[in-house]
Amino acid sequence: MNIFQLFSDIENVDADASDKLSYYSRRYFLRKGTKAATAVALPVALASITQEAFAQSTEVQEVLNFALKLEYLEEDFYQRALSQATFDFGADRPVFEQIHKHEASHVKLLQTALGAAAAPKPALKYDAFPDVFSNYQTFLIVAQAFEDTGVRAYKGQAPKLYKLPELTTALQIHAVEARHAAEVRRLREGRVWVTKNESDGAPAAVYAGEENTVQKVDVRTLGPGFSDIVVTEAFDEPLTKEAVLAIVQPFGVV
Amino acid sequence: MSKLFPDASETGLRASLGRRTFLRFAGISSVSALTLATLACDDHRPAPLNGAVDLGAGDVGIMNLAYSQEQLEVAFYSQVVQTPYSGITPEELAFFTDLRDRERTHLELFKYLLGDKAIPMLTPNFSSVNFSSRESVLKTGHTFEDLGVAALNGAGRLVTDMELLALSGKIVSVEARHAALLRDLLHPKSPALGFAGDDIITTDTGLDRAFLPPQVVMMAQPFIQQKISAERLPKA
């Protein structure tokens with residue numbers, strides 16, 4: 001295969017493709033010798049993205065820093081709750097210790113991947129939900145909102161990591177956030193799925209657009225019993241970076 | 001012999017929409033020319049060796065791999081709902097029904113998008129599953145869901161069509177929700193084996209798994225009667 005010809009062909013049919021391809025085509029050549037990172041069955045972990053930090057494009061750094069900001073917020077949120085001796089998790093404490101462990105790992109992973117380009121942790125605040133660290137139900141609502149927002153945020157960034165090793169890492173984090181979201185929802189005795197755009201106490205913006213039923217085709221038309229509820233629960237929808245930032249800005253994320 | 005998805009013939013939407021549908025699916029992508037070229041190559045696909053079901057090449061292969069997983073999940077949950085284990089709670093039965101119905105939408109969407117490039121309905125092999133055992137059913141269920149997550153995570157980088165990438169993202173997090181639910185039913189609130197247990201999420205980096213297609217097929221193969229070939233899928 002002539003890779004130069006391939007890129008040239010793509011650019012011929014898509015005027016914007018040049019921009020889209022500029023970073024990953026360059027990176028393709030930078031990476032040509034690092035086949036080991038893509039070996040079968042090896043989860044792409046710390047090493048594979050850190051060893052390439054030197055080659056990160058500005059576009060990729062923006063995505064990773066956006067992710068890092070959300071992970072800072074989640075890690076900080078759970079840490080504050082877990083460190084309050086008076087806050088009663090009941091039997092759920094091990095769940096939030098596990099979730100916190102993952103968020104702390106994500107922070108470290110992204111910081112390491114970004115190196116000197118890593119955004120600093122902002123001053124975070126929770127006064128939008130004054131009783132979040134004294135009322136367990138409020139805490140659960142905010143936790144659910146953060147996790148479901150995280151799922152939607154990573155999903156929205158995936159196309160920007162097209163064909164890159166960072167895409168695999170981002171998807172691996174994305175799935176962990178989805179597991180967290182499902183578990184927090186169960187602790188609230190809710191459904192593990194997002195039903196239509198029902199926010200169930202969380203800010204409505206967290207679920208805006210989740211009522212979508214069209215995935216190239218209106219999925220409701222593809223089978224008997226494919227109701228609004230079934231179809232919207234079966235597909236999670238992405239959020240743009242701007243929409244996510246609007247949700248987390250009240251917590252001090254900029 | 002029972003097919004994976006007994007109700008398929010009732011849905012009315014069949015492969016006749018075929019290639020045109022998939023082309024339309026591919027057509028809006030920013031790299032659609034590349035996709036179309038890949039599809040054109042598929043017209044000359046070799047006959048699968050030894051009667052194996054050939055998943056195909058490129059994005060078609062990736063979609064067929066996902067489609068095979070959805071078939072397996074739908075067949076499994078259908079069986080659980082038809083022959084529930086003794087002592088199943090109404091809540092658990094409702095969960096399995098919900099899981100079946102949500103996986104059905106994934107199955108039907110992939111079938112629609114693949115058109116005449118879809119692999120046939122597969123025949124499951126659940127001989128290793130004890131459907132009268134709650135533990136066996138929950139463990140098998142979360143094994144399928146965990147594998148579905150790892151498969152889409154690993155395939156992400158191999159996908160050429162931007163819209164297929166976006167669609168995979170919408171589905172994979174739902175599979176992760178399913179995995180978490182079944183794991184939590186089996187090991188409630190357990191950091192070791194539960195919703196995002198240490199047995200599946202790396203403890204140092206907090207990452208879910210990502211498998212490339214050959215490993216996905218290897219792990220799914222014991223549950224499928226037909227031999228599956230991922231020979232022509234993208235390798236890396």
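Okay, let me start with one residue, Arg191(A), which comes out as partly exposed, with a relative accessible area of 32%. Keep in mind that this is a predicted model.

So what does Arg191(A) pair with? Its side chain meets that of Glu233(A) in a salt bridge, 2.6 Å from N to O. Glu233(A) sits in helix 8 of chain A, while Arg191(A) is in the loop between helix 7 and strand 1, so the pair ties together parts that are 42 residues apart in sequence. And Glu233(A) counts as buried, because its relative accessibility is 0% and the cut-off is under 20%.

Now for a pair within one helix. Arg93(A) and Glu97(A) form a salt bridge too, with the closest N and O atoms 3.2 Å apart. They both lie in helix 5 of chain A, four residues apart, which is about one turn of the helix. Arg93(A) is partly exposed at 29%, and Glu97(A) is partly exposed at 39%.

Over in chain B, Asp98(B) and Arg102(B) make a salt bridge at 3.7 Å. Those two are also four residues apart, in helix 4 of chain B. Here, though, Asp98(B) is buried at 15%, and Arg102(B) is buried at 2%.

Let's move to where the chains meet. How many residues are in contact? It's 69 residues of chain B with 75 residues of chain A. Together the chains bury about 6000 Å², with 64% of that on carbon and sulfur atoms. On the chain B side, Arg157(B), Arg177(B) and Phe195(B) lose the most area to chain A, together 16% of what that side buries.

Which helix of chain B gives the most to the side touching chain A? That's helix 6, with 19 residues. Sorted by type, that side of chain B has 36 nonpolar, 15 polar and 18 charged residues.

One of the bridges joins Arg179(A) to Asp208(B), at 2.7 Å. Through shared partners, Arg179(A), Asp146(B), Arg183(B), Asp199(B) and Asp208(B) end up in one network.

Helix 3 of chain B, residues 58-82, reaches 36 Å from its first C-alpha to its last. Of its 25 residues, 22 are buried, so helix 3 is largely enclosed by the rest of the structure. In chain A, helix 4 also covers residues 58-82, and 18 of its 25 residues are buried.

Notes. Residues numbered from 1 in each chain as written. Chains lettered and ligands numbered in written order. Predicted model: local features only at pLDDT ≥ 70, side-chain atom pairs only at ≥ 80, totals over all residues. Heavy atoms only, no water. Contact = heavy atoms within 4.5 Å. Buried area = accessible area lost by both parts, 1.4 Å probe. Salt bridge = Lys/Arg side-chain N within 4 Å of Asp/Glu carboxyl O. Nonpolar A, V, L, I, M, F, W, Y, C, P; charged D, E, K, R; others polar. Expected span 1.5 Å × (residues − 1). Buried < 20%, exposed > 50% of the residue type's maximum accessible area, 1.4 Å probe, protein only.
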